Structure formats: C-alpha cells, structure tokens
Amino acid sequence: MSSSPLPEYLVHDMFTEAGTRLEGRLPRAAMARLSAEAVVADQAARVRVALRAFRDDQGRQRLSGAVSASITLRCQRCLQPYEQALDAEVALQLVASEHEAESLAPEFDPLVMATGKLPLVAVVEDELLLAMPAIARHPEGGCATPDNPAEAQDEPDERAKNPFAVLERMKCPSDTDQDDT
Ligand SMILES: [Zn+2]
C-alpha cells in the first residue's frame with residue numbers, strides 16, 4: 001500500500017465517485033493557530049490525516065475520516081503541562097457558499113469552498129481546533145497535587161488510571177528484558 005504525499009489543496013477533482021484518499025502526516029508547525037495553544041513549541045510534532053474525499057450516491061461532495069494529533073497544554077487545575085490527545089471525526093460536505101450551508105443535512109458540517117480550492121492544512125487545523133478541550137486539564141485524578149488531597153480522593157479508581165494512556169496507542173512492545181543483577 002503506497003501512500004502518496006498529501007496535496008496542498010483540496011480541489012473539486014478529488015470528489016469523485018471512486019474518491020480520493022488523503023492519508024499521511026502534516027507538520028503541526030504549519031498550523032499557527034493550533035501551535036499557539038501549545039505550551040511547548042514541539043517543532044517535530046506531526047498531525048495524522050486519514051481522510052477521503054468523494055462524491056456520494058446523492059451527488060454530495062464529502063470529506064470524511066479522522067485527523068489526530070497530540071499537543072502539550074497547561075492543566076488548569078494543577079498548572080502543569082500535560083499531553084492532550086486531539087482526535088477529530090471528520091464529516092464535512094463541500095458547499096459553495098454560506099447560503100448553501102444552511103440547507104445541509106444535520107449530520108454534515110459545511111465546508112465552504114468558494115474559490116475552487118481549499119488549503120488542506122487549514123481544513124485539518126480547523127477540525128483539530130474544534131477537538132480542543134473547553135478546559136485544558138489532566139484526566140480525572142491525573143494531577144500531581146499532594147497539597148490538595150481533596151482533589152484526588154473523590155474517585156479512587158480513577159487514580160489508578162494511567163494519565164498517559166494516549167501513549168499506549170503507539171503500541172510499543174515491552175520486550176526490553178533488562179536484567180539488573
Ligand atoms: Zn493537572
């Protein structure tokens with residue numbers, strides 16, 4: 001399975017019945033608005049793109065799939081930085097104008113393409129910004145706040161949860177047998 005590099009722009013020609021797969025990675029540094037939310041610059045950070053542009057059986061031009069990234073935010077509870085996973089399900093329908101967007105089926109969000117092309121990076125960035133938490137903070141019980149025990153004792157089971165569960169998605173095999181005898 002070969003993956004061609006992601007195109008710079010979404011154009012009408014991609015929205016065919018057969019569809020066009022848009023899969024790959026984009027540098028997060030190319031997304032100024034999203035990067036401005038991060039507490040560390042993280043120049044190497046990548047955004048995963050798994051989208052498909054196609055025309056459905058009702059003639060609608062749609063962009064579906066998912067985009068994901070991880071970003072370092074500052075927890076508003078303990079003020080420590082933490083890794084926030086951003087996962088956005090994408091269900092967009094191409095429209096030519098805001099006016100046309102008003103008549104859209106509720107299951108799709110409008111993607112206004114008035115000029116015949118849209119920068120892919122901006123579309124992906126918009127979706128990730130929508131996936132940002134309203135309030136940045138560790139998962140429940142994930143804060144290291146020894147001076148605030150009331151915060152941690154309301155949900156004992158939650159404390160056992162690994163706050164970095166997101167890292168498990170990298171599926172690193174734990175086969176490093178290091179014998180420290
Ligand atoms: Zn915290």
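Donors are N, O and S atoms within 2.8 Å of the metal. All views below show a predicted model.

View 1. Along the chain, the donors of the zinc ion follow the spacing C-x2-C-x59-H-x4-C. The protein donors are Cys75 (SG), Cys78 (SG), His138 (ND1) and Cys143 (SG), and they lie 1.9 to 2.3 Å from the zinc ion. The angles among the four donor atoms are 106 to 116°, and the site of the zinc ion is tetrahedral.

View 2. Cys75 has a relative accessible area of 0% and is buried. Cys78 is at 12% relative accessibility and counts as buried, because buried means under 20% relative accessible area. Cys143 is also buried, with a relative accessibility of 12%. A search of the whole structure for disulfides finds zero.

View 3. Strand E4 covers residues 61-74, and strand E5 covers residues 81-95. E4 and E5 pair in the antiparallel sense, with 13 bridges between them. Within this pairing, Gly65 has Val90 in E5 as its bridge partner. Six residues separate the two strands of the hairpin, and in the turn Leu79 has a positive phi of about 65°.

**View 4. Pairing of strand E5 with strand E6.** Strand E6 is made of residues 109-112 and pairs with E5 in the parallel sense. Four bridges connect E5 and E6. Leu94 stands opposite Leu111 of E6.

**View 5. Asp56 in the loop between strands E3 and E4.** Asp56 is located in the loop that runs between strand E3 (46-55) and strand E4 (61-74). The relative accessible area of Asp56 is 10%, and the residue is buried. The side chain of Asp56 makes a polar contact of 2.8 Å with the side chain of Arg60.

View 6. The structure holds seven salt bridges, including one between the side chains of Glu125 and Arg33, with an N to O distance of 3.0 Å. Glu125 belongs to helix H3 (residues 120-130) and Arg33 to helix H1 (residues 32-35), so this pair ties together parts that are 92 residues apart in sequence. Glu125 is buried at 6% relative accessibility, whereas Arg33 is partly exposed, with a relative accessible area of 41%. A salt bridge also forms between Asp126 and Arg33, whose closest N and O atoms are 2.9 Å apart. Asp126 lies in helix H3 and Arg33 in helix H1, so the pair ties together parts 93 residues apart in sequence. Asp126 is partly exposed, with a relative accessible area of 36%.

View 7. In the salt bridge of Glu140 with Arg77, the closest N and O atoms are 3.7 Å apart. Glu140 lies in the loop between H3 and helix H4 (149-152), and Arg77 in the loop between E4 and E5, so this pair ties together parts that are 63 residues apart in sequence. The relative accessible area of Glu140 is 35%, and the residue is partly exposed. Arg77 counts as partly exposed at 24% relative accessibility.

Definitions and conventions:
Residues numbered from 1 in each chain as written. Predicted model: local features only at pLDDT ≥ 70, side-chain atom pairs only at ≥ 80, totals over all residues. Heavy atoms only, no water. Donors = N, O, S within 2.8 Å, 3.2 Å for Na, K, Ca; no water. Tetrahedral: all angles 85-135°; square planar, octahedral: opposite > 155°, others 65-115°. Buried < 20%, exposed > 50% of the residue type's maximum accessible area, 1.4 Å probe, protein only. Polar contact = N/O pair within 3.5 Å; in protein donor to acceptor, adjacent residues only side chain to side chain. Pairing = 2+ DSSP bridges. Disulfide = S-S within 2.5 Å. Salt bridge = Lys/Arg side-chain N within 4 Å of Asp/Glu carboxyl O.
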